[in-house]
Structure formats: structure tokens, C-alpha cells
Amino acid sequence: MFLWGTATAAYQIEGAADEDGRGPSVWDVFAHEPGRVRDGHTGDVACDHYHRWPEDVALMAGLGVNAYRFSVSWPRVLPSGAGEVNAKGLDFYERLVDALLEKGVQPVPTLFHWDLPQALEERGGWLSRDTAARFADYAAVVAGRLADRVPLWITLNEPFVHMAYGYAMGVHAPGRALLTGALPAAHHQLLGHGLAVRALRAAGAREVAITNNCTPVRPASTEEPDLRAAEAYDILHNRLFLDPVLLGAYPDLSAYPPGMDCVRDGDLEVIAAPIDALGVNYYNPTRIAAPEAGAGLPFADAGLPDHPTTAFGWPIVPDGLRELLTGLKDRYGAALPPIHITENGCSQEDVLTGDGTVEDEGRIAFLRDHIAAMRRAMAEGVDVRGYFVWSLLDNFEWAEGYHQRFGLVHVDYTTQRRTPKASYRWYAEWVRSQNTDT
């Protein structure tokens, strides 16, 4: 059965930041530091999904989707990151899972979508090897409650973005700016993934995946410096997080000293534990040029100036999704598991009109064109088994606060009123039109 779904993440929608025993995450701390998030926005309330989840499940039922990708808040389940389990946190996710199943919607939980418990960050965060072990413990706790009802589990969401934005450049939580000194955060996330795969399977999980943000990388020219820079960026963004999982080895990291000097004997065998699916989040390709002399990194983002952009300024290149998927097939061959597009969507300057509608025709075109690109890749032999729109709801968009709207459903953050957009109606009709055996 092909999964047509939508997606969210805990810190971006749940709110209830200090209710029912939830502990603080790195995003709770980061967002309250002046200057970190645009206009000082926080996820304290967000979309109030913690209280309004029945309404949101009803919205999914109205869409007719057969899957929903959400994330579990680690600090809601284990407030200190380890040790005592918060029963009320687990109860919340059990209620959500059971309600989804009653509506015929398959729950697809992601265990880590960037909201590391602050207590673990204070002990080193993902720079510390111990965090990988604590992640496996947490995976065992959640799966111990829900594995009998959840067929597909995702360990990590976008470990590249979390390493790069959170540890290398400091624009996301926890706000460290270490450049290549952030590489241990990549390895320890991957090690945590491998350990969690073991824990999930031991708890009875039937299928396990990891989700990466992937981008097709294009050199700015055919000149050798640009080609080398593009290769270096492809290694950092894509291959660093795919090669160890699928091939059991890191790519050449000589462009990023000191490289992976934190790897221990046996780590790669753990990381390469077989997975059943690969989650791919796609937003746009990346065009790369050689850096200027003295730059701290071996590449420079050259942009894609000849394409329309989203409200975020991201280039809109639907065929980049086909390019990415066929490229993964060519690179990894038989080692590539079935793929789910676990995020794809766009922000727009949505306006709620006086008659209570949001006519987001640009988003409809974006989704239509990207689904068509996915299907072209499938026709070329790529095994794709799911597509999840980002996002069900407008939500807290990390460092941008509430300024970027990705949702199929408009959220008034003052009243929490949900208003389905034109894209919601379009996607509902699209899902209804599809044969579930696609």
C-alpha cells in the first residue's frame, strides 16, 4: 500500500511546554535566549496540539490520508533524557496513536526531531557518545508501549541539518558554532540511530527507517575548483549521513579536518544495521562554487537564481526530486532500501480572507509538480512507497518563529482556529483519486 500522508514535529506544534511532567528541551532554552528566534517567538504554545489533537486527527480524517508522520518529544517521555519515565507523556502518544488507527491512519513516529532534552545537552549533547546510548534507551521505552500498533518507525530526522545548524553554525538549538568541530555530532547521531535500530527490533518494531534531508548538488561551472567544491558539499550534506548507514563506511572526509577521529572499533557495524526504508526530505537542489580564499569551509553556496522561490527564498525545482531519487538509485544500487518522501512542501505568504478562505494556488502547483516528479522517478525504477506533505498545520518554523507558513491548514496563533486552505481541499481530492495499490 502506498502511503499518502502529511507530517508535523513535536516542538513545532505541541505547545504545553511545561505541562504534565514534560522537561525542557534545547529548543525551549534556545528560543528564550534573546536574538535567537525571529521576533522572540517560542514553541511554548505553538499550535496547542497537546490539547487540540482530536481536532487535528479529524482534519487528517477529512484529508483521507492513510498515514501521519509525527515526532515524539523525548523530554515529554523522559524529562531528564534518561532515568524515570513520565507516564503522562507516554499516555499522550498512546491516545494519539489509537485515535489515528481508529480513523484508518497509520502512525509513523519519528523519535528525534531536534528537541534533545536540555539535561543531556548540559552533559555534552550529541558531541557526547553517551547521548547515543541514552537515545537507544529512550527508543526502547517508546517502542515498549507502542510497537504492537506502529508498523514503521523513524529514528532520526535530518541529522545533517541538526549537526550543521545546531552545532556547526549555531542558528538552531543548541546554538553552538563549531564549524568542522561539529562532526562528532554527526557520528554520535548515527551511532544513536544504529543502537536504536537494535532497541526497536528488540521491542517488536516491524520496520525501521532513518530520515535524511537530501539535496542534489550541482557545481556552479565545469571548472575543476567548482567541481571539487560540489563534491565536498555532497559528501557533507548527503553521503556523510547515507554511506555509513547503507554501505558501512564513511566517505572521504579529508576536506573536513579532523574528520571522524571519534569513531571507535565496531561503531560502523552498529550504524549499518539493516533498515527497512529510507526517509527522504526534499525541498530544493543546491548549487555550489569554490570558496573564496580564507573561507572556513571548502565550498560556497552559489544559489539558483533562475528559478522562482518560496516565501522562505528557497528555489522551486520540482524535477530536482526526480534527479535526487534517480541519483540515489544510481549511487547505492541494491543497498538502497525502499524510499518514503517524508517531507515535501513550501512556505507561502498565505492570507486568510474575510470570507474565511486561503487560496494558496502556488502551494497546489508546488505539490502537484513535485508529485509528478516523484512519479517520473518511480517510472525510472526508484522504489518509492510513500509521500508526506510538510506540513499538516502552519507551525513554529524554528529560527523563523511563526513567520513561515507551510501548512495545508491555516492556524490563527492567537485563537488557535484551524482553517483548511485550498491546498487541503486539493490534496484531499488527490488522495481520493489514487489507487492505494499504486
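**Note on the pocket, surface patch and salt bridges**

1. By class, the residues lining the largest pocket are 30 nonpolar, 13 polar and 6 charged. Here Ala, Val, Leu, Ile, Met, Phe, Trp, Tyr, Cys and Pro count as nonpolar, Asp, Glu, Lys and Arg as charged, and the others, Gly among them, as polar. A pocket is an open set of points on a 1 Å grid over the protein atoms alone, where a 1.4 Å probe fits, with protein on both sides within 12 Å along at least five of seven lines; lining residues have an atom within 4 Å of a point.

2. The model is predicted: local features need pLDDT of at least 70 and side-chain atom pairs count only at pLDDT 80 or more, whereas totals for chains, interfaces and linings use all residues. Residues are numbered from 1 along each chain as its sequence is written, and side-chain values use heavy atoms, with hydrogens and water left out.

3. The largest pocket has a volume of about 1,100 Å³, taken as the space filled by probe spheres set on grid points joined across faces, edges and corners. Its lining comprises 49 residues, and Phe160, Val161, Tyr165, Tyr233 and His237 lie nearest its centre. Two or more lining residues come from each of helix H8 (159-168), helix H10 (224-247) and strand S8 (286-289). H8 gives the largest share, 6 residues. Helices (H or I, at least four residues) and strands (E, at least two) are DSSP runs numbered from the N terminus.

4. Tyr165, Met169 and Val171 make a nonpolar surface patch of about 250 Å². Patch residues have over 30% relative accessible area and no salt bridge, nonpolar side chains (Val, Leu, Ile, Met, Phe, Trp, Tyr) being joined within 5 Å and like charges within 9 Å. Areas come from the Shrake-Rupley method with a 1.4 Å probe; for residues, only the protein chains shown count as cover. Met169 lies in the loop between H8 and helix H9 (183-202).

5. The whole structure holds 34 salt bridges, each a side-chain nitrogen of Lys or Arg within 4 Å of a carboxyl oxygen of Asp or Glu. Arg76 pairs with Glu14, their closest N and O atoms 2.9 Å apart. This pair links distant parts of the chain, 62 residues apart: Arg76 is in helix H4 (residues 74-77) and Glu14 in the loop between helix H1 (10-13) and helix H2 (26-31). Both Arg76 and Glu14 are buried (under 20% relative accessible area; exposed is over 50%, partly exposed in between; 1.4 Å probe, protein chains only).

6. Arg363 forms a salt bridge with Asp360, with closest N and O atoms 2.7 Å apart; both residues are buried.
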